[in-house]
Structures are given as C-alpha cells and as structure tokens.
Amino acid sequence: MKEKDRKILNKLIRDHEDVMGASRAAMLAIESFIRSIQQLRCSIDQVQELYLELAEAIKNTEPKVVPLIHLIEEFEKEIQPFFSEDIEQVRNRAVEILTEKLEVLRTRVGQVIEKGLSFINKGDVILVHTASRDVINMLVMAREVFQKRFSVLVLKQDFVKTKQLIQALTQAGVDLTVIPEYNLSHCLDRANKLFVGAVSITRDQKVVTAIGTANIVGLCHLNQIPVYLFATTLKISHQDSAEHRIHTKIEPMNHDDCAYRLTTHSHDLLDLHLVDVLVTEDGAIDKEKIADYVQRFTKSI
C-alpha cells in the first residue's frame, strides 16, 4: 500500500472512531472487508498478497484499532488452511469466518451495554465527555426502555462529536445540560458519575481514549466523582501504550504576526488506576481488581 493511501486509511479510521467509537468502527471495517471479498476477482495467489497488504495496514493504524486487530488475527489463523483450495471456496469460507467475528463483536458490545445499565440510577447526574456509541446507546436505552429518570452533563468539545450525543439524548427525552469542557470545575458539585469509553486498554495499564479525557478524569478523581470505563475485553491489547501509534500532527501556524508550529495528538493516554469501575461483558470489575483483570487478559492474548 502506498504511503499516501495508508495515511488516507488512517485518517478515515480515526474519523470513524471519533464519530462512532472504536467498536462501531471495527464493525464497519469488517463489513467493508466482507463486501470487498465478495466482489474480489483474482487468482488464489493474488488473494494472499492482497490480504497481507490490507492486514499490515489494519495492524498499523494511528492509533491501533485493537478490537479489529484481535479479530483479524483470529481470522488469519482460521482461514490459513483454506488457501490451498480454489478461489470460490476461499471466498465463501472467508465471508463465513468474518461474519462470525462480526457477530462476536456485536454480542460483546451488547453485553457491555446490558451490564452498564445497572449503573444508571434514578436521580443520577452523569458526566459524559466522549461520543462513545456504547455509552450513548446505554443512556438512551435506560431512558426509553427502562424509563429511568436521570440527568446528563454533556461536556462540549469538537461539535461534530458533541452534536450526535446531544441529538440522541434529546430525542430520547434525557434531561441534559451542555457546558464547555473547560468549565467543568463550575459543575462538579452537580455530578455523581463520569462515563467514558475507550479505544483500547494497553498492557502497561493505560487507556487510549478521546482527546481531553485525561484532564476530565483527573478533575473527577480529585473531587471523588467515580469514573466508569466501559469496554469489551476485545479492547485489551497485548502491547504497551508506546506501541499504539497515537497520531501526532504538526501544523505551521501564524496568528497576529506570530509564527509557530502547533503539535497535537489524536488521542489521550489515561492511567488505568484512575478508573473506579471497569465494565466489560464479564460485568463490573472494582478498582482494586482492575489491574489484575487486565494483566490476565494481556498474558492470555
């Protein structure tokens, strides 16, 4: 894959993560992969070559999409014995395996949402910063399906991300207040919980999450507001945070005759020990057990 195409792919995945979250972006990628296989017309040797090129690009996105990487690695092992067959058999088996992987991801995301519903209670005032689709769906379901009455403090960041959160909660009839994220200190006394999502959880006990999350979690931690992290175990990585390729952008800027270079990063790194409750498809893991829980998965991957 050409470097230009690789950069376009990385940006496309980052944009989808920002709007719909890592799990939904992974689902979309697998669905696209299935369609591309169904439309593929080439020899069996070309299939292997094209796949290896795509797999390398997927495994080196900025940042890495860990749920997708785990499922792709499983796919590689399961499809390998079929490369000795003809192209039609490989195509059919590849589609079957990927469809199974897609269902596994959907099921686990659904289980996290189901487990998370128990942490939304009457009278809660919940801080929400990221436009995590899992968190959004959880809040909407709590209001629409279970008729729970609670409030949400939406911390406005990039409006493209915040807009979908506002629209979804408003449509569901959730009572919400929107404030700039830099004004959070004025509203901390109103909130009793912070809900966050994750792109991944790394081997060295870090959480790759939306930009700005680390500052907000730090404020909540200092003010004894519990932090709830929602993530499937597919987001637990076998690599350290330094290997997760968080995208860095350096832009030349010129304001009022002042020229400088602005460096920004696409995502935050959050210390896992600042999380009070980790909710996965296994249920809730309390603060004192989170590190061991994550370590167990990183060793088994």
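Predicted model: local features only at pLDDT ≥ 70, side-chain atom pairs only at ≥ 80, totals over all residues.
Q: Are helices H2 and H5 roughly parallel or roughly antiparallel to each other?
A: Let's start with the axes: those of H2 (residues 22–39) and H5 (residues 87–116) come within 10 Å and cross at roughly 165 degrees. Angles over 145 degrees count as roughly antiparallel. H2 and H5 are therefore roughly antiparallel.

Q: What is the handedness of the crossing where H2 passes H5, and how many nonpolar residues does the contact have?
A: H2 passes H5 in a left-handed crossing. On the H2 side the contact includes Met-27, Ile-30, Phe-33 and Ile-34, while H5 brings residues including Leu-98, Leu-102, Leu-105 and Val-109. Sorted by class, this contact has 3 polar and 4 charged residues, and the nonpolar count is 13.

Q: Is Val-90 buried or exposed?
A: Val-90 has its place in helix H5. Setting aside neighbours within four places in sequence, Val-90 is in contact with Ile-44, Val-47, Ile-79, Phe-82, Phe-83 and Glu-85. Buried means under 20% relative accessible area. The value for Val-90 is 4%, so this residue is buried.

Q: What distance separates the C-alpha atoms of Val-90 and Asn-121?
A: Val-90 sits in helix H5. Along the chain, Val-90 and Asn-121 are 31 residues apart, and the separation of their C-alpha atoms is 49 Å.

Q: How do H5 and H6 cross: what is the class of their angle?
A: The axes of H5 and H6 (residues 133–144) come within 9 Å, with a crossing angle of roughly 50 degrees. That angle makes H5, relative to H6, oblique.

Q: Which residues of H6 meet H5?
A: H5 passes H6 in a right-handed crossing. From H5, the residues involved are Val-109, Val-112, Ile-113 and Gly-116, and they meet Asp-134, Asn-137, Met-138 and Met-141 in H6. By class, this contact has 5 nonpolar, 2 polar and 1 charged residues. To come back to the names asked for, the H6 residues are Asp-134, Asn-137, Met-138 and Met-141.

Q: What span is expected for H6 at 1.5 Å a residue?
A: H6 has 12 residues, and among its buried residues are Val-135, Ile-136, Leu-139 and Val-140. From its first C-alpha to its last, H6 reaches 16 Å, close to the expected 16 Å.

Q: Are H6 and H7 roughly parallel or roughly antiparallel to each other?
A: The axes of H6 and H7 come within 9 Å and cross at roughly 10 degrees. Angles under 35 degrees count as roughly parallel. H6 and H7 are therefore roughly parallel.

Q: How many charged residues does the contact of H6 with H7 have?
A: The crossing of H6 and H7 is right-handed. Their contact includes Arg-133, Arg-143 and Glu-144 of H6, along with Leu-165, Ala-168 and Leu-169 of H7. Grouped by class, there are 7 nonpolar and 2 polar residues in this contact, and the number of charged ones is 3.

Q: Is Gln-224 buried or exposed?
A: Gln-224 lies in the loop between helix H8 (213–222) and strand S7 (227–230). Its phi is positive at about 55 degrees, although Gln-224 is not a glycine. At 67% relative accessibility, Gln-224 counts as exposed.

Q: What distance separates the C-alpha atoms of Ile-225 and Leu-188?
A: Ile-225 is in the loop between H8 and S7, and at 4% relative accessibility Ile-225 counts as buried. Beyond residues up to four places away in sequence, Ile-225 touches several residues, including Leu-188, Ala-191, Cys-220 and Asp-276. Ile-225 and Leu-188 are 37 residues apart along the chain, and their C-alpha separation is 8.2 Å.

Note on methods
Residues numbered from 1 in each chain as written. Heavy atoms only, no water. Axes fitted to C-alpha atoms, helices over the stretch in contact; angles between N-to-C directions. Helix = DSSP H or I, 4+ residues; strand = E, 2+ residues; numbered from the N terminus. Parallel < 35°, antiparallel > 145°, perpendicular 65-115°, else oblique. Left-handed = near helix turned anticlockwise from the far one by under 90°. Contact = heavy atoms within 4.5 Å. Nonpolar A, V, L, I, M, F, W, Y, C, P; charged D, E, K, R; others polar. Buried < 20%, exposed > 50% of the residue type's maximum accessible area, 1.4 Å probe, protein only. Expected span 1.5 Å × (residues − 1).
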